[in-house]
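Work through the exercises below with the sequence and the structure open beside you. Try each task before reading its solution.

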Amino acid sequence: MNYLAILISAIVAIESNGDPTARGDDNLAYGILQIHSAYAQDASEYAKQNWTHEDAFNPTIANKMFVAYMARYASEKRLGRNPTAEDIARIHNGGLYGYKRSATDPYWNKVKAELIRRGADDLAHGRIAFDFSTPLEYN
């Protein structure tokens, strides 16, 4: 089972309902994952790619940006443990320290409900941890 794909699809449902042309946050967030410019820049830098903010409108690249951003900020080294779906969703929503911010709790509750709706109870209840330490391919 590809738990990361399930988590990403739940986040996509919350963020844009799968609309690759979606614009949110006063036109500052783009695509299926509602990626902001700084997020795209961080992901591009970490992945050593030349992605631009506008590339977030491409669902394939948006997913790669998500994975690169999480490899950078949702790591065992940063968190002191392997991240859960909650950590990842809250970092996606609130930036590199989002997993600590109470402001991201309502967002996590939406993602958690979507995971439960999809039958991904293990993800929703923190019983699955992720490991982004393996080298990733972005091409």
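**Exercise 1. The core**

How many residues does the largest nonpolar core have, and which of them have the most contacts inside it?

*Solution.* Keep in mind that this is a predicted model.

Step 1. Count the members: the largest nonpolar core has 43 residues.

Step 2. Pick out those with the most contacts inside this core: Leu33, Phe66, Met70 and Leu115.

Step 3. Assign the core to helices. At least two core residues come from each of α1 (3-15), α2 (37-47), α3 (59-73), α5 (85-94), α6 (105-117) and α7 (121-124). The largest share, 10 residues, is supplied by α3.

Step 4. Take Leu115 as an example. Residues up to four places away in sequence are not counted; Leu115 then touches Ile6, Leu7, Ala10, Ala85, Trp108, Ala120, Leu123 and Ala124.

**Exercise 2. A histidine**

Is His92 buried or exposed? Find its helix and its contacts as well.

*Solution.* 

Step 1. Locate the residue: His92 is in helix α5.

Step 2. Compare its accessibility with the cut-off. Buried means under 20% relative accessible area. His92 has 7% relative accessibility, so His92 is buried.

Step 3. List the neighbours, leaving out residues up to four places away in sequence. His92 touches Ile11, Glu15, Leu33, Tyr39, Phe66, Met70 and Tyr107. Among them, Leu33, Phe66 and Met70 were named in Exercise 1 for their contacts inside the core.

Step 4. Look for a polar contact. The side chains of His92 and Tyr39 make one, at 2.9 Å.

**Exercise 3. An alanine in α1**

How many residues apart in sequence are Ala13 and Lys110, and what is their C-alpha to C-alpha distance in space?

*Solution.* 

Step 1. Classify Ala13. Its relative accessible area is 22%, so Ala13 is partly exposed.

Step 2. Compare sequence and space. Ala13 and Lys110 are separated by 97 residues in sequence, and their C-alpha atoms are 9.9 Å apart.

Step 3. Find the contacts of Ala13. With neighbours within four places in sequence set aside, Ala13 is in contact with Glu114 and Arg118.

**Exercise 4. The pocket**

Which residues line the largest pocket?

*Solution.* 

Step 1. Note the volume: the largest pocket holds about 200 Å³ of space.

Step 2. Name the lining: Glu15, Asp25, Ala29, Gln34, His36, Tyr39, Tyr69, Ile91, His92, Asn93 and Gly95. Tyr39 and His92, the pair in polar contact, are both included.

Step 3. Sort the lining by type: 4 residues are nonpolar, 5 polar and 2 charged.

Step 4. Assign the lining to helices: α5 gives the largest share, 3 residues.

Terms used
Residues numbered from 1 in each chain as written. Predicted model: local features only at pLDDT ≥ 70, side-chain atom pairs only at ≥ 80, totals over all residues. Heavy atoms only, no water. Core = buried A, V, L, I, M, F, W, Y, C linked by side-chain atoms within 4.5 Å. Buried < 20%, exposed > 50% of the residue type's maximum accessible area, 1.4 Å probe, protein only. Helix = DSSP H or I, 4+ residues; strand = E, 2+ residues; numbered from the N terminus. Contact = heavy atoms within 4.5 Å. Polar contact = N/O pair within 3.5 Å; in protein donor to acceptor, adjacent residues only side chain to side chain. 1 Å grid on protein atoms, 1.4 Å probe; cavity = no way out; pocket = protein on both sides within 12 Å on 5 of 7 lines; lining within 4 Å. Points joined across faces, edges and corners; volume = space filled by probe spheres on them. Nonpolar A, V, L, I, M, F, W, Y, C, P; charged D, E, K, R; others polar.
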